Amino acid sequence: MKTIQEINEKIKKGKAVVLTAEEIIGFVEKKGAKRVAEEVDVVTTGTFGPMCSSGAYFNVGHAKPRIKIGGGKAYLNDVPVYTGFAAVDILLGATAVPDDDPRNAVFPGKFPYGGGHVIEELVAGKEVRLTATTYGTDCYPRKKLETRITLDDMNEAVLFNPRNCYQNYNVAVNLSDRPIYTYMGVLQPRLGNANYCSAGQLSPLLCDPFYRTIGVGTRIFLGGGTGYVAWQGTQHSPCVPRTDLGVPKTAAGTIAVIGDLKQMDPRWLRGTSFRGYGVTLTVGIGVPIPILDEETLAQTAVRDEDIVAQVVDYSETYPQRESGSLAEVSYAQLKTGEISLDGKKVPTASFSSYAMAREIAGILKDWIQKGEFLLSEYVQQLPSSDSGIVFKGLQEKPIRFKKAV
Amino acid sequence: MTTTKVVLRFPPDLTDQPVTYNLIKEYDLMVNILRGHIIPKEEGMLVLEVTGKKKQLQRGMDYLAKIGVETQKLSKDIRWLKDLCTHCTACTSLCPTHALSVERNTMLVSFEKADCIACEMCVTVCPYSAMEVQV
């Protein structure tokens, strides 16, 4: 048994033993979990995948004379931002697209530019155009603003993602007779291909399936800088069926994350365009897992062959919110580039980059080994498999209008 | 003998013409069809590997131009912008010739230009604009 404080003391002295979630597998197989749990202090995880529930908020500073953008309309590089806050606080969502983007009017739309790309450009140090129109007040007389602005010009620039790091996800296929364009990519008809999106054995929440160490306040690698777990993510659904090792068999837990955008690196925050679907942001996240005991260790050593995902039809089952899995496949199978469905060999591809997830886990390992990154203890646990949380669908209720008197 | 890969784009009125047959019979060319997409009376696209004497090849291309088939040389068309690639692998399952492939140990993507038939599927599916058509 070790405590996070003890591990941090070792990190400060440069004596902590740190391995990535990929390296730990062979280590445990060779030496056994009991011995490795004593020797290893931290296991680092990583993931680099598209995460639509991403965004950033900014305080752009007060213009002279002042303008109340709050309650008006504002854009960054023609991408609309949310202005329902104080005078010069704005919020940009990763999936926002310019008003004049044709979207899917000419199907499938290209969605070349949107909120995710604005975030990437700002982090790369580029200037963007901030434009705003609003109403005047006695204290904020201006009604119009047009200026160039960089991240350095802003007071605060904070990445805040209400949902990231999905613990497992569907494998998407298409049973229909036409190609379909989805957030899981272009799916060819009649089981032409199968797309998945998880770093599997490197993925943070798959290495800590019951959230024993990852909680509110956990310090993480976020977009190349340091960030924190802010809360459980939206759609956090820990009570799904699990394997004997406790690994969820379907999409399950999520985390909300927050961090200073000014510290981040565009290599780990990439604007992303899905043909026929829209724009998003691909986010690099790495979470360190302190090896407190044999159990935490055993869970970090989970292998791709131990993690299964459900194959779901995105032509009918998913859009109609039906339930039903066509098959269950392991990440080890998916990563070979081919799975067998209905007796047919189906080529697979991922939208989460395993190569870059591995790189993130390596960078985080390096930071910890150098004593540059200390572990934090969570201040509140995430709801786990005993929470009784049910991930609800929307039950639509008819709106009754009152008769005018 | 010279070998070249070409993309042929047919206007609607030529989709029912025996163009490939004429290339073989009239111009003594060996034609290997790598990929085809033809909707009668709408449009057509053929990717061909054509082998023959240099002079005959030129005559064959002149014939195509004359009847209104747009031709474009292959393999130099598609460019992999390595710095933009995240190695997500999304392109690899749809690449018909496996010009884009994954090294399974490293999970890194690579692009073998010589195998590319410029079907442009990768350009459509790459979320990071890392595949580009060179004009």
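Rings of Phe, Tyr and Trp (its six-membered ring) pair if their centres lie within 6.5 Å; planes under 30 degrees apart count as stacked, over 60 as edge-to-face and the rest as tilted.

## Model and conventions

This is a predicted model, in which local features need pLDDT of at least 70 and side-chain atom pairs count only at pLDDT 80 or more, while totals for chains, interfaces and linings use all residues. Residues are numbered from 1 along each chain as its sequence is written, chains are lettered from A and ligands numbered from 1 in the order in which they are written, and side-chain values use heavy atoms, with hydrogens and water left out.

The model has an ipTM of 0.95 and a pTM of 0.90. Where pLDDT is low, the predicted coordinates should not be read in detail.

## Aromatic pairs and cluster

Over all chains, a search of the whole structure finds 15 aromatic pairs. One of them is A:Y82 with A:F85, whose ring centres are 5.4 Å apart and whose planes meet at 85°, so the pair is edge-to-face. Buried means under 20% relative accessible area, exposed over 50%, and partly exposed in between (1.4 Å probe, protein chains only). A:Y82, at 47%, is partly exposed, and A:F85, at 43%, is also partly exposed.

The rings of A:Y314 and A:Y318 are stacked, because their centres are 4.4 Å apart and their planes lie at 5°. A:Y314 is buried at 5% relative accessible area, whereas A:Y318 is partly exposed at 37%. These two tyrosines belong to one aromatic cluster together with A:Y166, A:Y169, A:Y183 and A:Y277.

A:N170 lies in the loop between β10 (156–164) and β11 (171–173) of chain A; helices (H or I, at least four residues) and strands (E, at least two) are DSSP runs, numbered from the N terminus. With 14% relative accessibility, A:N170 is buried. Its side chain makes a polar contact of 3.0 Å with the side chain of A:Y314. A polar contact is a pair of N or O atoms within 3.5 Å; within protein, one must be able to donate a hydrogen and the other to accept it, and residues adjacent in sequence count only if both atoms are side-chain atoms.

Beyond neighbours within four places in sequence, the residues in contact (heavy atoms within 4.5 Å) with A:N170 include A:M184, A:N195, A:Y196, A:C197, A:Q310 and A:V312, as well as A:Y314 and A:Y318. The loop between β10 and β11 also holds A:N168. A:N168 is not a glycine, yet has a positive phi of about 75°; A:N168 is buried, with a relative accessible area of 0%.

## Charges over rings

A charge sits over a ring if NZ of Lys or CZ of Arg is within 6 Å of the ring centre and within 35 degrees of the ring normal. A:R267 lies over the face of A:W268, 4.9 Å from the ring centre. The charged end of A:K335 is over the ring of A:Y354, at 3.4 Å from its centre.

## Backbone details

The peptide bond between A:K64 and A:P65 is cis, with omega about -10°. A:P65 is in the loop between β4 (55–59) and β5 (73–76) of chain A. Another cis peptide bond joins A:F107 and A:P108, with omega about -10°, and A:P108 is in the loop between β7 (89–93) and α4 (115–123) of chain A.

A:F111 is also in the loop between β7 and α4. Although not a glycine, A:F111 has a positive phi of about 45°, and A:F111 is buried at 5% relative accessible area.
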